[in-house]
There are 4 protein chains.
Amino acid sequence: MVGVKLPVLDHGHVMLVDYMGSDTRVEEVARLSYNTGGLTGGGTSTNDEKGRTLRDTRGLLRYLLRHAHTSPFEQVCVTLDMKMPIFVARQLVRHRTQKLNEVSARYSVLPEEFYVPDLSQVCVQSDTNKQGRGEVLPLEVGEAVRENIKQHSENGFRLYRDLLERGVARETARMVLSLNTYTHWCTTWDAHNLLHMLRLRLDPHAQWEVREYARVISEIVRVWLPLTWEAFTDYTLQSVRLSRHEWEVLVQSLDREQVARLLSLGESGGSEKLSLREKREFLARLDTVSSPPFSREE
Amino acid sequence: MVGVKLPVLDHGHVMLVDYMGSDTRVEEVARLSYNTGGLTGGGTSTNDEKGRTLRDTRGLLRYLLRHAHTSPFEQVCVTLDMKMPIFVARQLVRHRTQKLNEVSARYSVLPEEFYVPDLSQVCVQSDTNKQGRGEVLPLEVGEAVRENIKQHSENGFRLYRDLLERGVARETARMVLSLNTYTHWCTTWDAHNLLHMLRLRLDPHAQWEVREYARVISEIVRVWLPLTWEAFTDYTLQSVRLSRHEWEVLVQSLDREQVARLLSLGESGGSEKLSLREKREFLARLDTVSSPPFSREE
Amino acid sequence: MVGVKLPVLDHGHVMLVDYMGSDTRVEEVARLSYNTGGLTGGGTSTNDEKGRTLRDTRGLLRYLLRHAHTSPFEQVCVTLDMKMPIFVARQLVRHRTQKLNEVSARYSVLPEEFYVPDLSQVCVQSDTNKQGRGEVLPLEVGEAVRENIKQHSENGFRLYRDLLERGVARETARMVLSLNTYTHWCTTWDAHNLLHMLRLRLDPHAQWEVREYARVISEIVRVWLPLTWEAFTDYTLQSVRLSRHEWEVLVQSLDREQVARLLSLGESGGSEKLSLREKREFLARLDTVSSPPFSREE
Amino acid sequence: MVGVKLPVLDHGHVMLVDYMGSDTRVEEVARLSYNTGGLTGGGTSTNDEKGRTLRDTRGLLRYLLRHAHTSPFEQVCVTLDMKMPIFVARQLVRHRTQKLNEVSARYSVLPEEFYVPDLSQVCVQSDTNKQGRGEVLPLEVGEAVRENIKQHSENGFRLYRDLLERGVARETARMVLSLNTYTHWCTTWDAHNLLHMLRLRLDPHAQWEVREYARVISEIVRVWLPLTWEAFTDYTLQSVRLSRHEWEVLVQSLDREQVARLLSLGESGGSEKLSLREKREFLARLDTVSSPPFSREE
C-alpha cells in the first residue's frame, strides 16, 4: 500500500509514505511494562517463536484500549503525504500532536487546483446542527452554486498569476487565493494520537470533507494495525459514554433477567462478542451506581 | 487559599501558588469560537454587565464537557508547589503536559525527609488488582514493616551524609537514597490537562499515595473552578463508558416505560438532574444502536 | 495594558487578556531548583521582604538565559486576543505549544474584513530571499495591485453572502473567502515558548505581516517581563551563532590585546555591558577551540 | 545494528529496536515544503533515480540545520530499549517529547540490579561546577565508597524481598529501593527532539552517567543518519553562541586580512570546510553588528 495515492474529493489524496511498528510491537511494549515479555527489534521475531498467539495479541490489545492504557500505541507511527483544500488543512492542523511540513506559497507558485463540492454536497445549513449541513439543495440551485464557486476560484487564480507577472512577491500574491485552494503536506503521527484524531474527525458532526480524509486514513490504519483497529472500533469509536445521571436512570430501568439471557453466561450459543472476563466486569458495574472515586475515602 | 500548604501524607504538601482565569474565562473563550461573545480581559467584567447569568455559564460549561469540547479549558491555568515522595513524583512526571521545575540533588543537599506509610496503608498485595493492594496487614506485621522502612531510610540518609562528608560529589552520594525520599517541585497546568490527570489519578486503580495528592488538588480545583468541577464530575469523572457490545445488550434489556417515568418528561417533580435538552438527546441515543460513523455513508 | 486592543495592519489587533507570574516568579521557580529560595504565591511578597534586590533578580534571569535553562520561563503565562488575516494565522498556528481557540465559520458568519497591503508593502519578489520581498513596486503598479486585491476580496464576500442567502451551509459558503480574510482567536502561551516564537517571527526572513504581530506582542512582553526581555535580547534575539568552522577562523584571527582592551578587565571605565563573570567565561572560551563534548572522554 | 544491546555502565544498555526514515527522507520532506521534489514512500527510490546526488542531500541537510529549519527532522523516528539506573531515568524523563513505557514495580518484582560507580567515577564535589564532580578520590576512599554503596543497595533489596515475602503489596515494598536501582523502558523519539536531548546531555555539565547514555545513543544516530549527524556536529553540537556584547567585542578585535587569508576566498588550498555560500554569509555577518530585528522598522 506504500506509495499509492488514495484519491479524496476532486483533486486530493492520502498516500502512505512509511510506517514503524505493528500490532505485535504495541503488545511487546505493553508487556515490557508488565515485565511479561520484552522487545526484540526489527520486526524479525514472530508470535510463534515466542509461544504467543494471535489470540493473545488480540486479547492484550483489547484489554489496553478497554482500560485506556494508551501509551503503548504511541510507540508505533506512520508518515502520510496528503493533498487537501486549505479549509480542511486548517481543521487538521489543530491536532498539535502531529509532525507537519507543508508546501510554502512563499517559496513556490501554487498549481491551479481548487475544490468544488459535488452536487450531492451542496446542502442547506442544518437546523439542528449549528455547525453542519442539512438536505441537498435543489439541482438547479446546486449547479449554480458549483458554477459560482468554480468561477470565483478561477478568478482568484487569474489574479494570482497576474500579480506574479507584474512582479509582486509570491507571499503577497497568494493572499487572493480562496480557502478551497489545495495545499500539500507530509505528516507523521503516532497511532494513539492518530486514533484520537480519527475519533473526532469521523464523528458525524465533523465537516463532511474532513470526514472523507479521516475515512481514507482509517482504511490505511485498518490494514496497518488490524487488531488495534478492531479494538478501537469496539471500545472507542462505537462506544457510548453516559453521564452520571443517565447511568442512574439506565441502571434502574434494566430487566436484569434479559441482560443475563443476552449474555448467556457460561452457555453455548450465547453472545460471543464479549469475553467471559468482560461479561463479569459488565455485571459488576451494573451493581455499582458510580460514585466519585475519592468520596469512598472520606 | 493562595500560599497555604495543604498537608498530604506524613511530610508532603500541595500549595496553590497562582492561577489565571476562571469559569467565566472558559465561557468567554468558548463564546469567541461561536462568535456569541468575546474576551474582555483582566477579570474586571462580570456576567451581570454582559447580561449573562451564572445559569448561562453553568449551562455552557456543561455543554462543553458533555460534547468533549475541551480546548477552552486549556486557556486557564494554575501553578502548584508540591512536596511528595520520589515514587509519587515518578508517576506524576509522566503527564508530559505540565511545566515542571524540581529541586536538584546535584545542586543542594536533600533534607532528611522520607515517607513511612501509616499502619492503615500497610496492606497485602491485591489478588484481583495486579498493580494494587488489598487488606490491611495484621497490626504487629504492619508495625514491623513500618519500623523496617524507617530504619532502612535512616540508614540511607546516614550513608548519604557520610559520603558527602568524605567529599563525594552530591550527584553521586544521592544515589543511595530510597524512593520514599521526599522531593519538591513547582508545576503549572492548564485546566484541561489537569482534569485529565485527576481523572486517571483519582481512579481506584491508582496507587493510594498518588490518589491522596489528586484528592487535595481536586479540592483546589473545586474552589477555583466550581462550575467546571461540577460538570467534570457529572460528565467525566463519574461517567460510564460502555463498549459497543455492552451498549447493544443494555439497549435490548431496557424497560422503556420505566426510563420515561424516571425522566418524567415535561412533568414537574421529575428528575431535575438532566436538562430538557439532555433528556431528548438521551432518548434519541436509546433508539440508535451505535454503528460506525462512516459506515452510514457507504 | 490589559483589555486594550493594540492595532496591527489595517483591521487587526493584539489585546492582552490576562497574565500569570512575573520576572520575580521566574526567579523563585529557578531558586526552588537550586534550593536557595522558594515559592510564596499570589505575588504578595516582594524582593525586599526576602532580602533580595532587583539586581539579584536581573543577574539570575541573565544567568538562566545565558545557559539555556529555560524551564522556569515555562511557569509564567499570558493570554492574548488576536485578530489577523488567515494567511498570518496559518503561519502562527504552526507553533504547537500555544493553546488556541479560533472563531468558527461553521458556527457563525464572518464579518466583511480583509487585509489590503499598504502601498509601502506592495513589493517585488526578492532575488536573494526566495521566500521574501524586495523593493517597493512603482506607485501606479502598487495602486493597481491594491485595487485588484480589494475588488477580488469584495467579490468573495459578495458571493459568500449570496450563497448564504440561497441557503448554502455556512461551512460550504466560506470556502470562497480568500486568505486575506481576517480571523479572530484567543491564545495562551508560556513565556519560554512565546519568546521562541518571537525569535523566529521577528527574524527579517519572516513575512512582514507576521513580524508586525510579533513586534506588537514583543511590546507587551517588554512591559510584562522587563528583565526577561532584556536578557532575551542580549542572549538570544541579538546573539550570534557560529558554526565550528567559523569559530575556528575567528579565534585564529583575533587581536587578543584589543579584546583585553575592550573588556578592560578590572579597570574602571571599561565595558559595563559584560559582568566580571561573563568576561572570564568569554576569555576562557577563546582559549578553547571547541571540540565534540564526548570526544574528550574517549 | 537492530536488536543488539550496547552496554552502558555496569548493568545498563541501549538497544535499537526500530527506526523509520533516513537522511534522504528528511531531504524529501524539506523539498516538499520548497516544492522542488516530493515524497515517494517505502524507501524504495534512491537519489540516483531522482537525479540527485549524495552531495545534494548533504548540502540540503547542512542548509536546514544552519538555518534552524528543524521540522523535517521531526518526520523520522527511532525506538530504543534502554536499561538505566533510576536517577538517570529521572533526568531523561524530563524530555517530554519522547514516548515512554517503563517497567512497573507495581506489576512485577524488580530484579536485583543496581549501579555502583567505577573507581574512576568516585570523585569529589566540583568547586567550579555546583552541579558536578571534580577530581577522583584517593583509591582507598573510593573503594570504601563503592563498598558502602554496594552494601546499602543489597540491604535495600534484602528488605524489599523480605517485605514481599511477608505479603506487603509490591507498590509499597519497592519504596525501600534506592535511586541506583536499574529500571527498563522503551522510548520513541523523532530525530529533531532526540538531537536536542543529545545536545543537552552530551554537555560536560550533564552528569557523567547520563552522558554515557547520550554517547551510546549518538553512536546509533551516527550510523542511522550519518549526514544529519555530521551537520548537527558542525552547526549545533560544536557551534558557539555569542551574546550581543561578546559579538561586539569580537567584531572590533578582528584582523580582517587574517580572516580573508584563512577563508582563502576563491583560491585553491584554502579552507575546504566552509562552502562558498557559507563564506559569503560569514563575511556579510562580520560587517553587520547585530541589532534587534524590529528596531529597523521603527
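**Chain contacts, questioned**

Student: In this predicted model, what makes β8 of chain A and β8(B) a pair of strands?

Tutor: Two strands pair if there are at least two bridges between them. Strand β8 (residues 240-242) of chain A and β8(B) share three bridges, so they pass, and the sense is antiparallel.

Student: Which residue stands opposite Arg241(A) there?

Tutor: That's Arg241(B), in β8(B).

Student: How many residues of chain B are in contact with chain A, and why are they called in contact?

Tutor: The word needs C-beta atoms within 7 Å. By that cut-off, 40 residues of chain B are in contact with 41 residues of chain A.

Student: Which elements of chain B give two or more residues to that side?

Tutor: They are α7 (208-224), α8 (226-237), β8 (240-242), α9 (244-251), α10 (256-263) and α11 (276-286). The largest share, six residues, comes from α9(B). By class, this side of chain B has 18 nonpolar, 11 polar and 11 charged residues.

Student: And how many residues of chain C are in contact with chain A?

Tutor: Here 43 residues of chain C meet 43 residues of chain A. On chain C, β5 (123-125), α4 (139-165) and α5 (170-173) each supply at least two residues of the touching side.

Student: What makes α4(C) stand out on that side?

Tutor: Its count does: α4(C) gives the most, with nine residues.

Student: How do the residues on that side of chain C divide by class?

Tutor: Into 21 nonpolar, 14 polar and eight charged.

Technical notes: Residues are numbered from 1 along each chain as its sequence is written. Chains are lettered from A and ligands numbered from 1 in the order in which they are written. This is a predicted model: local features need pLDDT of at least 70, side-chain atom pairs count only at pLDDT 80 or more; totals for chains, interfaces and linings use all residues. Two residues are in contact if their C-beta atoms, placed from the backbone, lie within 7 Å. Helices (H or I, at least four residues) and strands (E, at least two) are DSSP runs, numbered from the N terminus. Ala, Val, Leu, Ile, Met, Phe, Trp, Tyr, Cys and Pro count as nonpolar, Asp, Glu, Lys and Arg as charged, and the others, Gly among them, as polar.
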